[in-house]
Amino acid sequence: MIKRRVFAAILLYGFAIGSALFWKNGAWDWSILAINLASASAGLLFLHSRWRRKEARAMTPQKVKDIFS
């Protein structure tokens, strides 16, 4: 589902940027921001691979038709 991935990306990147701004009282600290964005990207890649494996195993109407026909 693309909606789940978009929602996760918005949430992860939003919190990554928000926490960098929170810890520096609204000032931009590029090193903290870079670390947060890198960790958010790693988390998004992990979730994507996990969801992709689950979707591959899920029963689709075509798989059901092939199995029971």
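Predicted model: local features only at pLDDT ≥ 70, side-chain atom pairs only at ≥ 80, totals over all residues.
Colleague: What span does helix α1 reach from its first C-alpha to its last?
Modeller: Helix α1 covers residues 2-23, which is 22 residues. At 1.5 Å a residue, the expected value is 32 Å. The helix comes close to that, reaching 32 Å.

Colleague: Within what arc do the buried residues of α1 fall, seen down its axis?
Modeller: The buried residues of α1 are Arg-5, Ala-8, Ala-9, Ala-16 and Ala-20. They line one face of the helix, because seen down the axis of α1 they fall within an arc of 105 degrees.

Colleague: Which element do the buried residues of α1 pack against?
Modeller: The face of α1 turned away from its buried side carries the exposed residues Lys-3, Phe-7, Ile-10, Phe-15 and Phe-22. The buried residues, for their part, pack against α2 (30-57).

Colleague: Is Arg-5 buried or exposed?
Modeller: Arg-5 lies in helix α1. Its relative accessible area is 15%, and the cut-off for a buried residue is under 20%. Arg-5 therefore counts as buried.

Colleague: Which side chain does Arg-5 join through a polar contact of 3.3 Å?
Modeller: Not counting residues up to four places away in sequence, Arg-5 touches Leu-44, His-48, Trp-51, Arg-52 and Glu-55. The polar contact of 3.3 Å joins the side chain of Arg-5 to that of Glu-55.

Colleague: Which residues is Leu-37 in contact with, leaving aside its neighbours within four places in sequence?
Modeller: Leu-37 is found in helix α2 and is partly exposed, with a relative accessible area of 28%. Its C-alpha is separated by 11 Å from that of Gly-18, 19 residues apart along the chain. With neighbours within four places left aside, the contacts of Leu-37 are Tyr-13, Ala-16 and Ile-17.

Colleague: What is the geometry of the aromatic pair formed by Phe-22 and Trp-23?
Modeller: The structure holds two aromatic pairs. In the pair of Phe-22 and Trp-23, the centres are 5.1 Å apart and the angle between the planes is 75 degrees. Planes over 60 degrees apart count as edge-to-face, and this pair is edge-to-face.

Colleague: How is the pair of Trp-28 and Trp-30 classed?
Modeller: Trp-28 is partly exposed at 49% relative accessibility, while Trp-30 is exposed at 60%. Their ring centres are 5.6 Å apart. The planes lie at 10 degrees, so the pair is stacked.

Colleague: Which residue lies over the face of Trp-51?
Modeller: Trp-51 is among the residues that Arg-5 touches. The residue over its face, at 4.9 Å from the ring centre, is Arg-4.

Technical notes:
Residues numbered from 1 in each chain as written. Heavy atoms only, no water. Helix = DSSP H or I, 4+ residues; strand = E, 2+ residues; numbered from the N terminus. Expected span 1.5 Å × (residues − 1). Buried < 20%, exposed > 50% of the residue type's maximum accessible area, 1.4 Å probe, protein only. Arc of directions from axis to C-beta. Contact = heavy atoms within 4.5 Å. Polar contact = N/O pair within 3.5 Å; in protein donor to acceptor, adjacent residues only side chain to side chain. Phe/Tyr/Trp six-rings, centres within 6.5 Å; stacked < 30°, edge-to-face > 60°. Lys NZ or Arg CZ within 6 Å of the ring centre and 35° of its normal.
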